Amino acid sequence: AIGDHETALRALRRHMQVTREILRLRSENRVRVERWRESLKQREQMDTLSAEASSFRELSLLDPLTGLANRRALEPLLHDALVDMRDGGRPIALALLDIDQFKRVNDRHSHMVGDAVLRKLGELLRHSLRSSDFAARIGGDELVVLFGDASPEEARAACDRIQQAVAACDWSSLSAGLEVTLSIGVAAAQADDSVETLMRRADRLMYGQKPED
């Protein structure tokens, strides 16, 4: 109305500049938000994959029947324990456990009962051992216990407790007339032992305890 066109044009230009800047900032913010959401999604996916990988790794080191560790988990742990012992660390002992006449258990009572025996034995071991001991199933009806920071006498005393727990268990609840006994060989680790020699010595001692058929 006044006719001050120059002032009006300057105001319009400033308004348009501010409007463009607001639109630009909004656009940048949308991009940032989308990038943040994508980053968050990727992070969640990575966390999920990491958890799955950890779970798969744990499963690969467990015996699915007994819930104990398997040979893959035992051998590197035993190797490290032997290295530590040679470097002046704690003494260790290894016990090899074998169910007596396990084939007869499977033949007379079924393989399902045989599996139940192994599961129960895994449970008894978990309740009988110290936190510093490590139990694993290495195949069939053979199990291993690694006794950390234990003298041969302490390891044998622990094995006696395991056998007492097995003897006290009501195996007939799994199948009428079922009886289960163990043969156990205990070997104290020596400075020149490897994983193989220590396990082989425990195996020989275990077979020396086997009852005659």
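Leu94 stands opposite Ala187 in strand 4. Strand 1 (residues 92-99) and strand 4 run antiparallel, joined by 7 bridges; strands pair if DSSP finds at least two bridges between them. Do keep in mind that this is a predicted model, where local features need pLDDT of at least 70, side-chain atom pairs count only at pLDDT 80 or more, and totals for chains, interfaces and linings use all residues. Residues are numbered from 1 along each chain as its sequence is written, and side-chain values use heavy atoms, without hydrogens and water.

The 4 strands form an open sheet in the order 2-3-1-4, with antiparallel pairing. Helices (H or I, at least four residues) and strands (E, at least two) are DSSP runs numbered from the N terminus. The edge strands pair on one side only:

| Edge strand | Residues |
|---|---|
| strand 2 | 133-139 |
| strand 4 | 182-188 |

From one strand to the next, the twist averages 20°. Helix 6 (residues 195-208) packs on the sheet and touches strand 1, strand 2, strand 3 (142-148) and strand 4; contact means heavy atoms within 4.5 Å. The direction of helix 6 makes about 140° with that of strand 4, with axes fitted to C-alpha atoms (for helices over the stretch in contact) and angles running from 0 to 180 degrees between N-to-C directions.

Now for a helix pair. The axes of helix 4 (residues 111-128) and helix 5 (residues 152-168) come within 10 Å and cross at roughly 135°. Their contact is made by Leu121, Leu124, Leu125 and Ser128 of helix 4 with Ile162, Ala165 and Val166 of helix 5.
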